[in-house]
Amino acid sequence: MASFIRQFTSSAVLPVASSTSSSFVDIPIPSFIISNSKSATWLYTTVAIVGALLLLEQSVYRSKKKHLPGDSWTIPIIGKFADSMKPTMEGYMKQWNSGALSAISVFNIFIVMASSNEYSRKILNSPAHAEPCLVHSAKQILMPDNWVFLNGKSHVEYRKVLNTLFTRKALSIYIGIQDAIARKHFAQWLADAQKDPSPQSIMMTARHLNMITSLRVFCGNHIPEHGAIEISEKYWDITQALELVNFPLAVPGTKVYRAIQARKVAIKWLELAASKAKTSVANGCEPECMLDEWVKELEAPGYKGRKDFSDREMAMVVFSFLFASQDAMSSGLIYGFQHLADNPDILAKIREEQYRVRAGDVDKPITLEMLDQMPYLKAFVKESMRVKPPVTMVPYRTTKAFPISNDYTVPANSMVIPSFYNSLHDPSVFPEHDKLIPERWLDPNSSANTNPRNYLVFGSGPHKCVGIEYATMNIGLVLATASVLMDWEHHITPESDQVQIIATLFPKDGCLMKFTPRPRP
């Protein structure tokens, strides 16, 4: 048998029926043809698989989208990624105006955007179906065990503890710190303006003022000056990484990677501050900042909540407060300066109120009792943040299928984004909605005051901002004190009324201002 096989395989020609066909069989087939044939097979197979996957992607998108407004087909793989990298208010408005609910896809993340007050509030008030996810990179930056990602009962219990940090008693401690820091920074602003009187962007100077204020309110002197400066300088990396869409992998050179490094620096200093606060209170010192007040509250005889907060956990809470306050308060403050400069009649009313309440003493620090006598200032802050809300939307993630309307259910593990802007610019609630009219908040019977559901600047539901009073107090205090110490002129450019979106809203030209000392009354 073996010899037969050897004889068979050694023969170059197989027995055939005719000599004609035999001549073709005798021709050897080049090896490269066989190789190319195999390559072509792999190529066709790969193309077929990729084509099938792309077709599946489109089918899944259309299946989830159903009848919602939005593109009929999504760009393969990346979807709306290009638009999301450089978001514009015009782009957002186009999406919101397409329907009360609309759909898009980014990197195969299915997103439902809600533009109406009804659906936005439903998302914010449905913890059983959706939880805040902020942005895709948020957990990498803020850390997944941060309290902001809690939901349900554990979140409610945690908020009970944190609510004690924003009582009137606590705010009375913070306001003195805020006033002193604002005056110190104004003196520097005026000194810088004297050296260079040309209009300068207040984008970064206002952000630095806010950061130092928050750090001193939250941590007192438990963080050294160079530590506070280091956090302030590096925090911009965190802001840039918390845009709605960013490259998702934390590899060197990316925004997310730089943000994580900045967070590590901040947490190091905040843990030190938490440790020092515990030591300070243990030594009998009275609270001088938020961390002191927190530690003191935990030791109060009537306190019945949780007490075992580690330095790291307290640091993460303070870091989340920096995240929540820095960009939003900076946006509110910058637009506050711009709105007052562009509306001198409103600024004049604020100054009149300030001189009256301060009895002409512009050096007198503001107290909570004095703020209570400044209704016009409060109305202006509320109106300024309505016209230009720092945050226009907050992404949530559906934890299970979410029947948001009678005819549509958001699939589980989708992103669902409530919009605040349309609610704040509803002409039926806010006549002349694009105009800055503080007086609308002074009339208790106005449509603005009788429709509180529309004022979503600070959100709604179980995750509503815990520090509303602190944020509005800080913006109001800074603008009030600035109004009696300085004059400022807004250098208007074609981009002054345009918006750039960097986590929150800012004037596209950085808000160019020229500050000069104001004569004393």
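The questions and answers below go through the structure topic by topic.

Student: What should I know about the model before we start?
Tutor: This is a predicted model, in which local features need pLDDT of at least 70 and side-chain atom pairs count only at pLDDT 80 or more, while totals for chains, interfaces and linings use all residues. Residues are numbered from 1 along each chain as its sequence is written, and side-chain values use heavy atoms, with hydrogens and water left out.

Student: How many helices and strands does the secondary structure of the chain come to?
Tutor: Helices (H or I, at least four residues) and strands (E, at least two) are DSSP runs, numbered from the N terminus. On that basis the chain has 19 helices and 12 strands.

Student: What percentage of the residues in the chain is buried?
Tutor: Buried means under 20% relative accessible area, exposed over 50%, and partly exposed in between, with a 1.4 Å probe and protein chains only. The chain has 521 residues, and the buried share is 50%.

Student: Among contacts between residues at least 6 apart in sequence, what percentage joins residues at least 24 apart?
Tutor: A contact means heavy atoms within 4.5 Å. Of the contacts in the chain between residues at least 6 apart, those joining residues at least 24 apart make up 72%.

Student: Which element gives the most to the lining of the largest cavity?
Tutor: Rolling a probe the size of a water molecule over the atoms shows where empty space is left. On a 1 Å grid over the protein atoms alone, a cavity is a set of points where a 1.4 Å probe fits but cannot get out, a pocket is an open set with protein on both sides within 12 Å along at least five of seven lines, and lining residues have an atom within 4 Å of a point. Helix H8 (152–163), H14, H19 and strand E11 (504–507) each supply at least two residues of the lining of the largest cavity. With eight residues, the top contributor is H14.

Student: About how much space lies in the largest cavity?
Tutor: Grid points are joined across faces, edges and corners, and a volume is the space filled by probe spheres set on the points. The structure holds four cavities of 30 Å³ or more. For the largest cavity the volume is about 1100 Å³.

Student: Into which classes do the residues of its lining divide?
Tutor: Ala, Val, Leu, Ile, Met, Phe, Trp, Tyr, Cys and Pro count as nonpolar, Asp, Glu, Lys and Arg as charged, and the others, Gly among them, as polar. The lining of the largest cavity has 34 nonpolar, nine polar and four charged residues.

Student: Which residues lie nearest the centre of the second largest pocket?
Tutor: This pocket holds about 530 Å³ of space. Its lining has 14 nonpolar, three polar and six charged residues. Of the 23 lining residues, those nearest the centre are Lys378, Ile468, Glu469, Thr472 and Met473.

Student: Is serine 330 buried or exposed?
Tutor: Serine 330 lies in helix H14 (residues 311–342). Leaving out residues up to four places away in sequence, serine 330 touches Ala206, Arg207, Asn210, Ser325 and Phe506. Because its relative accessibility is 0%, serine 330 counts as buried.

Student: Are H14 and H15 roughly parallel or roughly perpendicular to each other?
Tutor: Axes are lines fitted to C-alpha atoms, for helices over the stretch in contact, and angles run from 0 to 180 degrees between N-to-C directions. The axes of H14 and helix H15 (residues 344–357) are 5 Å apart, at an angle of about 105 degrees. Angles under 35 degrees count as roughly parallel, over 145 as roughly antiparallel, 65 to 115 as roughly perpendicular and the rest as oblique. H14 and H15 are therefore roughly perpendicular.

Student: How many of the eight residues of helix H6 are buried?
Tutor: The cover over the buried residues of H6 includes strand E1 (101–106) and strand E2 (109–114). The buried residues are Asn117, Tyr119, Ser120, Arg121, Ile123 and Leu124. Helix H6 (residues 117–124) is largely enclosed by the rest of the structure, because its buried residues number six of the eight.

Student: What is the phi of methionine 143?
Tutor: Most residues other than glycine have a negative phi. Methionine 143 is found in the loop between helix H7 (138–142) and H8, and methionine 143 is buried at a relative accessible area of 9%. Although methionine 143 is not a glycine, its phi is positive, at about 85 degrees.
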